[in-house]
Amino acid sequence: MGQLKYIFAPLVLFLIVSQCTELSEYDNERIQEALGDSLITSSTTKQVDMDIIENGALKLNLKSSRALTITEDRNKTTYLSGPVAIDIFKSDTLDTEVSADSAIYLPKDAQFELFGNVIVHSKNGRFLYSDYLKWLREDDEVTTPGRVLIITETDSIAATGFVGNTDLTNYTLTEVTGKTQFN
């Protein structure tokens, strides 16, 4: 009986300690709530050269001199310092080149916001110039409420307000002024 209590006592102590270390789901939620403000992380990268590949196909290549990524509550926001260059590919072929002074990327929404000296050059020979563009990558939709200038081989169109696609083959303009040359 004496040896049995030496085995029994540590076993009982182990069971008591192991039960005391487990927190309830409620306790874990309260701890996470209390630590919520400290769950913000950030990282900085210089000379960014990033490819986005989906289903084995290259969708875009992004280059920037600096990127600051902030993660808060599992939401990431990346601030890109320029110059920023984005090459957009369709079927692994370069379709459109975009450049800007800076950009913000929201990966959750696949959304880019481009700021300052924004130039869109599609391989079909069209150019768009603006100070600001919002690009919803998955929808291939580019918008701006501000001024744009579109230049093609035969036209130059200035407008305030733009909605279109990245290769500039389909778009709607508001408050249009321009000059067209008929052959």
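Reply: On a 1 Å grid over the protein atoms alone, a cavity is a set of points where a 1.4 Å probe fits but cannot get out, whereas a pocket is an open set with protein on both sides within 12 Å along at least five of seven lines, and lining residues have an atom within 4 Å of a point. The model is a predicted one, in which local features need pLDDT of at least 70 and side-chain atom pairs count only at pLDDT 80 or more, while totals for chains, interfaces and linings use all residues. Residues are numbered from 1 along each chain as its sequence is written, and side-chain values use heavy atoms, with hydrogens and water left out.

Me: What does the count of cavities of 30 Å³ or more come to by this rule, and which residues line the largest cavity?

Reply: The count comes to one cavity of 30 Å³ or more, and the largest cavity holds about 70 Å³ of space, a volume being the space filled by probe spheres set on points joined across faces, edges and corners. Its lining consists of Ile88, Val98, Leu114, Val120, Leu133, Trp135, Val142 and Thr166. Strand E5 (111–122) and E6 each contribute at least two residues to that lining, strands being DSSP runs (E, at least two residues) numbered from the N terminus.

Me: Why is Thr166 called buried?

Reply: Buried means under 20% relative accessible area, exposed over 50%, and partly exposed in between (1.4 Å probe, protein chains only). Thr166 has a relative accessible area of 3%, so it is buried, although its place is in the loop between strand E8 (155–164) and strand E9 (171–173). Leaving aside residues up to four places away in sequence, Thr166 touches Ile88, Lys90, Asp95, Thr96, Val120, Ser122, Trp135, Asp140 and Val142, where contact means heavy atoms within 4.5 Å.

Me: Which residues line the largest pocket?

Reply: Thr166 is one of the residues lining the largest pocket, together with Glu54, Lys59, Leu60, Ile88, Phe89, Lys90, Trp135, Arg137, Glu138 and Asp140. Strand E2 (57–72) and strand E3 (75–90) are the elements giving two or more residues to this lining, and E3 gives the most, with three. The volume of the largest pocket is about 190 Å³.

Me: Why is Ile150 buried, and why is Tyr129 partly exposed?

Reply: Ile150, in strand E7 (residues 141–151), has a relative accessible area of 0% and is therefore buried. Tyr129, in strand E6 (residues 127–136), has 32%, so it is partly exposed.

Conventions
Helices (H or I, at least four residues) and strands (E, at least two) are DSSP runs, numbered from the N terminus.
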